[in-house]
Amino acid sequence: MQEFFKTLVSQIGPTDFIDVAIIAFIIYQILRFIRETRAEQLVKGLLILIIVMIVSGYLQLYTLNWVLRNFMQFGLIALVIVFQPELRRALEYLGRSKFFHGKLQSGDKERAKVVTADIIRTVERFSTNRVGAIIIIERDVSLTDFVETGVSLGCDLSSEMLESIFFEGGPLHDGAAIISGDKIRAASCVLPLTRSKDLAPELGMRHRAGLGITEVSDAYAIIVSEETGIISTARDGRLTRFLDVKTLEKALLDLYLHDSEPIQKGIFRAFEKGGWGVKKQ
């Protein structure tokens, strides 16, 4: 036995440790991605079926083992179709490399603060006056498909513009406003509704749409309830409610300063033309 272990250890090289580390990292990322999603329940169910299949083979339950083996072959194809949104989100997650997205420089931080201030000022007024609104911030995944469902604007972001969009009775208030950098790309946009059945009954279509867009993209959603004035945010398929403006401001600054792409899309283009495109107040 000692000779066996000595031989085994002698055959292990540095590449084997790297190989195991890579596999462990991939498994960790997969578990982290599927946590608290429908896919988590799917994985649990598959593990139970695999265990039953192994046990049935060991106990020589041939019929049960045959059925489970055939199900594993053809059932996976059906699961790919049923869980297409989750698989699409997983592929988009893999395609979003953060290795080359550094933090903004000091000048960019000032621009991020201006953009954040305009959004915070608007959301605070909406919350106080109970104006329903849903604001979507585009990040790495393009939202062009959803922009095309609304009215294209391409205007500079300002608190006055956002307030006019969600003015009750206005032509653009019914739908979402999509922001890219310091530009409002479109308003009155139609978003996909979440398929989650765990939401509180009092949450309406705005919250379901805000959560839904974050399930199919990496967008950041800000929702203001028309009935209560409660501020909520959605990100990566998770809804956070009862935020105050200070917490939201911190979250937005962290979003802009750690994910440079949203700022680069709009602010850098405006800066090259000789201005920020953001109205100071």
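Predicted model: local features only at pLDDT ≥ 70, side-chain atom pairs only at ≥ 80, totals over all residues.
## Helix H9

Helix H9 covers residues 205–216, twelve residues in total. From its first C-alpha to its last it reaches 17 Å, close to the 16 Å expected at 1.5 Å a residue. Several residues of H9 are buried: His 207, Ala 209, Gly 210, Leu 211, Gly 212, Ile 213 and Thr 214.

Arg 206, also in helix H9, has a relative accessibility of 25% and so counts as partly exposed, since buried means under 20%.

Arg 206 forms a salt bridge with Glu 226, with 3.4 Å between the closest N and O atoms. The pair links distant parts of the chain, 20 residues apart: Arg 206 belongs to helix H9, while Glu 226 sits in the loop between strand E5 (220–224) and strand E6 (231–235). Glu 226 is partly exposed, at 32% relative accessibility.

## Two further salt bridges

The model has seven salt bridges by the rule used. One of them joins Lys 183 and Asp 156, whose closest N and O atoms are 2.4 Å apart. Lys 183 lies in strand E4 (residues 183–189) and Asp 156 in strand E2 (residues 151–156), so this pair ties together parts that are 27 residues apart in sequence. Asp 156 has a relative accessible area of 36%, which makes this residue partly exposed.

Arg 241 and Glu 202 also meet through their side chains in a salt bridge, at 3.7 Å from N to O. Arg 241 is in strand E7 (residues 238–243) and Glu 202 is in the loop between E4 and H9, 39 residues apart. Arg 241 is partly exposed, with a relative accessible area of 22%, whereas Glu 202 is exposed at 58%.

Note on methods. Residues numbered from 1 in each chain as written. Heavy atoms only, no water. Helix = DSSP H or I, 4+ residues; strand = E, 2+ residues; numbered from the N terminus. Expected span 1.5 Å × (residues − 1). Buried < 20%, exposed > 50% of the residue type's maximum accessible area, 1.4 Å probe, protein only. Salt bridge = Lys/Arg side-chain N within 4 Å of Asp/Glu carboxyl O.
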